[in-house]
Amino acid sequence: MSKSIGASRSSDVARTPSALGFRMPAEWEPQAAVWLAWPHHRTDWPVKKAAIYWTFAEIARLISEVERVRFLVANRRERSHATKVLGLSGVDLARVDFVEAQTNRSWTRDSLPSFVVKGRGKNREVGAVKFRFDGWGRYRDHQLDDAAGIQIAERMHHHWLPTTEVKGKPQRVVLEGGSIDVDGEGTILTTERCLLHGEHSRNAWLDRPGTEQVLSDFLGVRKVLWLPDGIAGDDTSGHVDDFCRFVAPARVVMCEEKNRRHHNHKPLNEARARLQGETDANGRKIEVIGLPMPRDVRYGDLILPASYANFLFVNGRVLVPTFNDPNDYVALGILREVLPKHEVVGVYCRDLVLGLGTIHCSSQQEPAAGR
């Protein structure tokens, strides 16, 4: 097993976040802002790129009503374009920060840091854990995304670039934010296909214990709930944020497909069976609440990863992707019952999912620090 070490460019060199008392918070904990990147990749949304600007603007509008939005833009020209579209969409520009950084794509969930916190209330500190991003092991153009993530991490007083020791040399660990989901109390959801043995292996030198050690050292994890695989159409090799999410400690929503002939029936049933009888890091039995899937969303012969589980928590709100499908209302109703203290808002994402992701994939929340 490789040895985990705490690579960092801050004052916390060689000391891991966990050793310093940091943990990855649940998404429903107080947030300072949500990070987005202005869309620009020419092939991510074939024939629909113009519509995507307005989808991002609508997401930004809904976020900016309850917290700040931080937009990555490549240059002044892109900032000007974003400002125009956001303004026409009713976004309060006084609640938007523009940060200049070139990116390859707009999937900030995977390329930006996973933020961690230490302490509570007025004493809460925020740090950034920036894992390596390698384009999901599929795309060659990912270096700008990884560099932008490092730039964001370096804005924080505490930041780390996790590495493991391989044959006596440090090797940066690859991990995307969409591959994990946490309860903020030491429990994490992920998939074996993505982190351990998928066809696009991220960290071939790490076994299961080594991977769990990295999650413990850098995200404060005490228990890993391993699910087998993800849904059809997901080009990330099984990201958990497309089908299973924490909504409270010891409580998850999991997508289900009742049609036995459907391509998602088997993987979702296997995932649900894996969680039956499982407990969280504090010994509480996991409650699993079913969430429907929409009917297949396709682009030609390509199945797209349309899912209601790709929602985003913001302060007092949950933004849920919808697809002009009868199950939109069912899914929104379930989430409103499960999250009575949140305003559950549907956001039309049938165009956005053409890029193989929706709201959660295209956003990264920054927790609030103490004041």
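Let's start with helix H1, which covers residues 49–64. Helices here are DSSP runs of H or I with at least four residues, strands are runs of E with at least two, and both are numbered from the N terminus. How far apart should the ends of H1 be? At 1.5 Å a residue, its 16 residues should span 22 Å, and the end C-alpha atoms are 23 Å apart, which agrees. The expected span is 1.5 Å times one less than the number of residues in the helix.

This is a predicted model, in which local features need pLDDT of at least 70 and side-chain atom pairs count only at pLDDT 80 or more, while totals for chains, interfaces and linings use all residues. Residues are numbered from 1 along each chain as its sequence is written, and side-chain values use heavy atoms, leaving out hydrogens and water.

Several residues of H1 are buried, including Ile52, Tyr53, Phe56, Ile59, Leu62 and Ile63. Buried means under 20% relative accessible area, exposed means over 50%, and partly exposed lies in between, using a 1.4 Å probe and protein chains only. The buried residues of H1 pack against partners that include strand S2 (31–37), strand S3 (68–73) and helix H2 (76–88). Strands S18 (312–314), S19 (317–322) and S20 (343–348) are also among these partners.

## The whole chain

Now zoom out: the protein chain has 8 helices and 21 strands. A compact globule of 371 residues would have a radius of gyration near 21 Å, and the chain has 19 Å, which agrees. That radius is taken over C-alpha atoms, and the globule rule is 2.2 Å times the number of residues to the power 0.38. The C-alpha trace spans about 50 × 50 × 40 Å along its principal axes.

Buried residues make up 61% of the 371 residues. Among contacts (heavy atoms within 4.5 Å) with a separation of 6 or more, 76% come from residues 24 or more positions apart.

## A hairpin and a crossover

Strands S13 (residues 244–248) and S14 (residues 251–256) run antiparallel and are joined by 4 bridges; strands pair if DSSP finds at least two bridges between them. Ala248 has Arg251 in S14 as its bridge partner. There are 2 residues between the strands of this hairpin, where Ala250 takes a positive phi near 65°.

On to strand S15 (residues 287–292), which runs parallel to S14 and is joined to S14 by 6 bridges. S14, helix H7 (residues 265–275) and S15 make a right-handed β-α-β unit. Right-handed means that, with the strands pointing away from the viewer, the path from the first strand over the helix to the second runs clockwise.

Which residues of H7 are buried? They are His265, Pro267, Leu268, Ala271 and Leu275. Their cover includes strands S11 (187–191) and S12 (223–227), along with S13, S14 and S15. Just after H7, Gly277 takes a positive phi of about 80°.

## Two buried residues

Asp134 is found in the loop between strand S6 (125–129) and helix H4 (143–153). Asp134 counts as buried because its relative accessibility is 11%. Leaving aside neighbours within four places in sequence, Asp134 is in contact with Tyr139, His142, Val174 and Glu176.

Thr322 sits in strand S19. Is Thr322 buried or exposed? Thr322 is buried, with a relative accessible area of 10%. Not counting residues up to four places away in sequence, Thr322 touches several residues, among them Tyr308, Asp328, Leu332 and Tyr348.
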